[in-house]
Structures are given as structure tokens and as C-alpha cells.
Amino acid sequence: MYVIDFDIVGAAISLLSLYLFYLRKNISNTQSDRFALLIWAMLGRSVFSALSSLSINTMPVCPTSAVIATTTFFLLFHNCIPVLTAFYILSFTVAPVVRLKGRVAFFAPIGIAFALILTNPVSRLVFFVDDGGVYRHGPAFIALYIIATGYFLLGFFAVILPKSLPSRAQRYAFLSALLLPLIAMVIQNKLSGIMLECFAGSIGTLAVLLTIQNSI
């Protein structure tokens with residue numbers, strides 16, 4: 001059984017972040033546009049994480065099609081977060097991704113992840129519901145985490161490398177936002193059924209909003 005309480009709180013925090021963001025947003029620039037996408041993705045991830053967990057918890061009463069649909073949307077939003085986070089951080093660095101070839105290389109891994117997720121209802125490579133009505137991960141599920149880890153490391157090194165960011169405050173804020181979900185993943189792997197990653201990500205995004213984004 002999955003506990004969805006933290007997902008619900010995470011969705012509420014994302015809604016608060018959206019309210020604060022649009023309350024202060026007066027101009028459109030690279031950082032603001034990318035941050036808006038990140039908050040919306042955080043909200044979508046929390047909502048569909050809760051719906052996916054709820055549908056899995058209520059099988060076999062809940063139909064398999066609902067489990068597949070909600071989990072597919074959750075994974076799409078979930079895998080958006082690392083790439084959008086790295087994309088946002090890079091907009092603050094001294095060497096942002098600007099060239100076409102660089103952008104193609106940057107987005108190629110997430111394209112692979114999306115292809116795996118969208119074709120999963122047929123391929124069953126990422127997840128599936130077996131004949132006994134039990135939700136299971138497929139052989140390609142680990143590939144999603146490998147791709148996400150790649151974007152995490154890109155954002156992490158963009159933050160810690162000397163002179164990569166103009167402000168020390170930005171470095172500390174970004175590090176906190178990156179490490180909070182990582183700590184949450186470790187905890188939820190120890191506590192079966194507790195879903196903390198969406199909650200931690202929403203907290204990290206709110207922290208960046210209050211310390212960095214609202215000062216732009």
C-alpha cells in the first residue's frame with residue numbers, strides 16, 4: 001500500500017508556488033519561463049503520483065486501464081523534473097545551452113525516456129500489471145532512473161563547478177533543491193509505501209522561488 005498524504009501536501013505546496021510566482025511575475029525572461037514549466041511539472045507529478053498510488057492501492061476494484069493511464073502520466077511528469085531542473089539551472093550559468101546541436105544532445109535522453117513511457121502500454125518494458133493484478137516494474141524501468149541521474153549530475157556539476165554561478169546564494173539554494181529529493185528517495189526506499197520524492201521536490205522548488213526566482 002502506498003501512502004499518498006505527502007503527495008497531496010506536495011501538490012498544495014506547488015499550487016502555493018504557482019500563486020507566488022505569478023503574483024510577482026512582471027516580465028518574461030529565460031529563467032522565469034523555464035521556472036514556470038518546472039512548477040507546473042512539479043504539480044502534475046504530485047497529482048498523478050497520488051492518483052497512480054490510489055489506483056494501485058485499490059486494485060482489483062480499480063480497472064487496470066486506470067492504473068496504466070495514471071502511472072503513465074505520473075512517469076511523464078516525473079521524468080520531466082530532472083531535465084527541467086537542469087535546464088533552469090543552466091540558464092544561470094556562464095555557459096548556458098544555446099546552440100542547436102547542444103540542445104539536441106541535451107534533450108535526446110529525455111526523448112528516449114518519453115518513447116519508453118509512451119510505448120509501454122504495448123511493450124510493457126517500464127511497468128505492467130500481471131495476471132494476478134499486481135503492479136510490477138519492467139526491465140526498462142531502471143533506464144528511466146539512469147537518464148534522470150544523468151540530468152541530476154549535469155545540474156549538480158553546473159552548480160558546484162568554480163565560477164559556474166555568479167552568486168554563492170544561488171549555489172546554496174540550488175544544492176538544497178537538488179539534494180532534498182535525493183534524501184527523500186533514500187528515506188522512502190527504507191520506509192516501504194511512503195512517497196516523499198514529490199513532497200521534497202515541491203519544498204525545494206518553493207525554496208528556489210523564495211530565494212532566487214522572486215529576486216530576478
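Me: Given that helices (H or I, at least four residues) and strands (E, at least two) are DSSP runs, numbered from the N terminus, in which helix is T72 found?

Reply: T72 is found in helix α3, which runs over residues 64-90. The model is predicted, with local features needing pLDDT of at least 70 and side-chain atom pairs pLDDT 80 or more, while totals for chains, interfaces and linings use all residues. Residues are numbered from 1 along each chain as its sequence is written, and side-chain values use heavy atoms, without hydrogens or water.

Me: Why does T72 count as buried?

Reply: Buried means under 20% relative accessible area, exposed over 50%, and partly exposed in between (1.4 Å probe, protein chains only). T72 has 11% relative accessibility, and therefore counts as buried. Leaving out residues up to four places away in sequence, T72 touches I117 and F127, where contact means heavy atoms within 4.5 Å.

Me: What makes S55 count as buried, and which residues is S55 in contact with beyond its neighbours within four places in sequence?

Reply: S55, which has its place in helix α2, counts as buried because its relative accessibility is 5%. Beyond those neighbours, S55 is in contact with C62, A66, V67 and T70. Helix α2 as a whole is mostly covered, with 20 of its 28 residues buried.

Me: How do you know that the span of helix α2 agrees with the value that its 28 residues should give?

Reply: The expected span is 1.5 Å times one less than the number of residues. For α2 (residues 30-57) this should be 40 Å, and the end C-alpha atoms are 40 Å apart, so the two values agree.

Me: Why is α1 called roughly antiparallel to α2?

Reply: The axes of α1 (residues 5-24) and α2 come within 8 Å and cross at roughly 160°. Angles over 145 degrees count as roughly antiparallel, under 35 as roughly parallel, 65 to 115 as roughly perpendicular and the rest as oblique, and therefore α1 is roughly antiparallel to α2. The residues of this contact divide into 13 nonpolar, seven polar and one charged. Among the residues that meet are D7, G10 and A11 in α1 and S32, F35 and W40 in α2.

Me: What makes α2 roughly antiparallel to α3?

Reply: The axes of α2 and α3 are 7 Å apart, and the helices pack at an angle of about 155°, which makes them roughly antiparallel. By class, the contact of α2 with α3 has 20 nonpolar, nine polar and two charged residues.

Technical notes: Axes fitted to C-alpha atoms, helices over the stretch in contact; angles between N-to-C directions. Nonpolar A, V, L, I, M, F, W, Y, C, P; charged D, E, K, R; others polar.
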